[in-house]
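Subject: Structure handover

Hi,

Here is the structure for you to look over. My notes follow below it.

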Amino acid sequence: MQNTIIEQYINDIRRISAGELTEPVTIGGTGTAHRLGEELERLRAYLLRRERESAQFSRIIERMNAGMDMDSILSYIYDSFQPLIPFDRIGFSLIENNGTTVRAQWARSRLPAILLGTGYEAPLHGSSLHSIIETGRPRIINDLSAYLAAKPSSESTRLIVEEGLHSSLTCPLKSEGAPIGFLFFSAEKSGTYDEEHVDIFRDIAGHVSANLEKSSILDRLQELNRLKDRFLGMAAHDLRGPLTGISGMIEVLLDGQFHEPTEAERDILQLMGTASNDVLGLVDDLLDISAIESGKLELNHEMINVREFIHSYHSYGEHRAKAKQIHLNLDIADQSLFVSADKRRLRQVLDNLLNNAVKFSHSHTTITIRAFEKDSSLCFEIEDQGQGISAKDLPKLFSDFGKTDTRPVRGERSFGLGLAIVKRIIDAHGGKVSVESTVGKGSIFRFLLPIHGNSASSALDIP
């Protein structure tokens, strides 16, 4: 009989070693054989619990990486770990005011009342939490009523006991090696926690700390980005006035209102005018970027007859293309096409795309502007026969200050903002922008606008 039991235990060991943990060990025999069976069952149950905990941790990490906010992460921990590890309440607090105060940020409980809830704060110095920070070790209290009797001045302990909780395990949270807060696990039953639970809850706290650290870095980056946008907007606004004045004075001098400039003076003034206009164009681009990023881009929608709009634009664009001996061709569908859009912003999009096509095209080539209906959208295309763009450079095109290895044919200035503005304006209209390009053959920049849009004026918030 004993030999049969031992053989069964050997099979159980093999099964457990293979990771087959769901079936309990059949305990039999007497004396040492019986105790062996009990230990095997404890081992199986422990490994099964750790396996389930590991799977839950993997899911938590996956959700954290997916960008869940802290409330969602804590709620997920509360819901998913309830069957696996003991707690009836989870609380989350942060250290604030230069390390002097602990403030409750989140709490959830199975019991009816939460008395120590969001917003509760207490001094950190001199509290029992301060010793947890100093040691860096989680703290177990398995009889909160006795702890309160020994420390009757502890307001937080009194509130927790009044909620009906009698055991607690407190885990410190750290970011970049410095303490930032605490995660509190509490249970209704006394004597709930032991050292076996410390590692489990420490793992949970570690993942929460990592997510807090990531969120903190992201918040700092976003704030720096907002500061950058505000600075660029203010700087561009302050520069625009003086630059406009300089450009105007250069025109006055070129017009000979004081005296007719000599040829050398005219050359210098024209160079100054070109440089001034280049910088003024950059300032206008920065103001547009700033307005869009702050959500203040106003779109005044109106129904636009596309054929009339493109033909009126053609004379302006043709002048620019002719200066470089480039032919500007129109290809517009015969039927009447209408689109709801901001006419000024739509012209700005065409300006940026045509300017790029001219800059990167050689003389005696053709640029074609097309407009046609496609999949319930209005499709605009600007096709050139220029140098083309390599595949590795295409992802840079619509980013701020994104520049490619392709250079303007005549060394024209390019700051890398035009296409970023194009994308933001088209996005604001609910459209899409894309590009196709072949090195040595040219590029097609394409944007689609919804044909059926809102014709009323609106101010859109741009994300």
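Start with the six-stranded sheet. It is open, its pairing is antiparallel, and its order is β3-β2-β1-β6-β5-β4. Two strands pair if DSSP finds at least two bridges between them. Strands here are DSSP runs of E with at least two residues; helices are runs of H or I with at least four; both are numbered from the N terminus. At the edges sit β3 (121-123) and β4 (139-141), each pairing on one side only. Neighbouring strands in this sheet are turned by 25° against each other on average, direction ignored.

Before going on, the ground rules. This is a predicted model, where local features need pLDDT of at least 70 and side-chain atom pairs count only at pLDDT 80 or more, while totals for chains, interfaces and linings use all residues. Residues are numbered from 1 along each chain as its sequence is written, and side-chain values use heavy atoms, with hydrogens and water left out.

**Inside and on the first sheet**

Nine bridges pair β5 (residues 167-175) with β6 (residues 178-187) in the antiparallel sense. Leucine 169 has phenylalanine 185 in β6 as its bridge partner. Two helices deserve a look here. α3 lies across β1, β2 and β6, at about 50° to β2. Helix α4 (residues 128-135) packs on the sheet and touches β1, β2, β4, β5 and β6; its direction makes about 120° with that of β6. Contact means heavy atoms within 4.5 Å. Axes are lines fitted to C-alpha atoms, for helices over the stretch in contact, and angles run from 0 to 180 degrees between N-to-C directions.

α3 covers residues 70-81, 12 residues in total. From first C-alpha to last it reaches 16 Å, close to the 16 Å expected at 1.5 Å a residue. That expected span is 1.5 Å times one less than the number of residues. Its buried residues are Met70, Ile73, Leu74, Tyr76, Ile77, Tyr78, Ser80 and Phe81. Buried means under 20% relative accessible area, exposed over 50%, and partly exposed in between (1.4 Å probe, protein chains only).

β10 (residues 366-374) and β11 (residues 377-383) run antiparallel, joined by seven bridges. Threonine 368 stands opposite glutamate 383 in β11. Serine 377 also belongs to β11. Serine 377 is buried, at 15% relative accessibility. Leaving out residues up to four places away in sequence, serine 377 touches Phe372, Leu448, Leu449, Pro450 and Ile451.

**Loops and single residues**

Which residues have a positive phi of about 55° although they are not glycines? Asparagine 97 is one, and glutamine 325 is another. Asparagine 97 lies in the loop between β1 (89-96) and β2 (101-109). Glutamine 325 is in the loop between α9 and β8. Asparagine 97 is partly exposed, with a relative accessible area of 47%. Glutamine 325 is partly exposed at 47% relative accessibility. For context, most residues other than glycine have a negative phi.

Serine 390, in the loop between β11 and α11 (418-428), is partly exposed at 21%. Serine 390 and valine 439 are 49 residues apart in sequence, but 5.9 Å apart in space, C-alpha to C-alpha.

The disulfide count is zero, taking a disulfide as a pair of cysteine sulfur atoms within 2.5 Å. Cysteine 171 is buried at 1% relative accessible area, and cysteine 379 is buried at 0%.

**Whole chain and confidence**

The chain has 11 helices and 14 strands. Buried residues make up 42% of its 463 residues. Mean pLDDT, the predictor's confidence in each residue from 0 to 100, is 81, and 80% of the residues score at least 70. Confidence is highest in helix α5 (residues 144-150), at 95, and lowest in strand β14 (residues 457-459), at a mean of 36. Over residues 453-463 the pLDDT is below 50, and this stretch has 26 contacts in the model beyond near neighbours in sequence. Where pLDDT is low, the predicted coordinates should not be read in detail.

Best wishes
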